[in-house]
Amino acid sequence: MLKGKTALVTGSTSGIGLGIAKALAAQGANIVLNGFGDVQGPTAEVAALGVQVAYHGADMSKPAEIEAMMQFAAERFGRVDILVNNAGIQHVARIENFPVERWDAIIAINLSSAFHATRLALPAMKAANWGRIINVASVHGLVASAEKSAYVTAKHGVVGLTKVTALENATTGVTCNAICPGWVLTPLVQKQVDAKAAALGLSDAEASSLLLGEKEPSQQFTTPEELGALAVFFCSAAGNNVRGVAWNMDGGWTAQ
Ligand code: NAD
């Protein structure tokens, strides 16, 4: 379905981004990976799906590096047809104790990076009259939790940016939508499970179950594969007129 298209997925060396990159690759899209840590493993996993894979290590908190990455992708593949703004980090603390440096980093990586990548991707998408921008927000783009001020602020901002991007391009073939996952068991969430286990003297399974029990009625983690399938839907012809939605996949979290 996506043969001949190029997808750039930020923060795709791990977790949800890697899951979405693999789902798009399985549909034939060439992939530009981005993120920190092990690059060889994710590159091999995506290449095994029979598509071309490139990697750019831009730090998504730095606009100049985002610009270099977008240029690299255009030079390597001609243009970016599908942009998945996924890179993100978390920090948990009450507002009065929230480190200012963590606030700035979360706003830069989780919110401003999506603005920069979007503004740089749009001209080529509009010229081709086809494009898909998928912003990985969160249930925290729709509702709040205590001790996550920067994250909730950034994710609400991402949902707002999604709507504006969709509206500004509503008469073109470029769509923009957000995905709002509940708990997904990735390294980002494992850190929160570990913190709970340490604080309360619980096993990993007990801490996971407590985490889910607090918020997610299904008592199940959403998987990167399920989120990848939603991204594929947004890229399909059936998604042509799906514009500006914030689609939660959250086990009932926000239905409460
Ligand atoms: P993860 O920690 O597994 O992956 C994060 C990715 O972002 C990694 O590839 C990492 O290298 C990359 N990254 C971090 N800082 C970066 C930077 N400065 N520049 C470039 N890349 C950077 O986390 P995840 O759970 O897969 O999270 C992915 C996205 O999904 C995030 O935006 C997160 O907020 C969102 N999300 C996660 C959950 C969850 O439960 N895990 C729920 C809702 C939303």
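**Notes on salt bridges and the domain interface**

1. The side chains of E101 and R102 form a salt bridge, 2.6 Å from N to O; the term asks for a side-chain nitrogen of Lys or Arg within 4 Å of a carboxyl oxygen of Asp or Glu. E101, at 48% relative accessibility, counts as partly exposed, and so does R102 at 25% (buried is under 20% relative accessible area, exposed over 50%, partly exposed in between, with a 1.4 Å probe and protein chains only).

2. A word on the source: this is a predicted model, where local features need pLDDT of at least 70 and side-chain atom pairs count only at pLDDT 80 or more, while totals for chains, interfaces and linings use all residues. Residues are numbered from 1 along each chain as its sequence is written, and side-chain values use heavy atoms, without hydrogens and water.

3. The structure holds six salt bridges. Among them, R94 pairs with E96, the closest N and O atoms being 3.5 Å apart. Here E96 is exposed at 59%, whereas R94 is partly exposed at 47%.

4. Now the domains, whose bounds come from an automatic or database assignment: domain 1 covers 6-184 + 223-255, and domain 2 covers 185-221. Their centres, taken over C-alpha atoms, are 24 Å apart.

5. At the interface, 18 residues of domain 1 are in contact with 13 residues of domain 2 (heavy atoms within 4.5 Å). How many salt bridges are there between domain 1 and domain 2? The count is zero.
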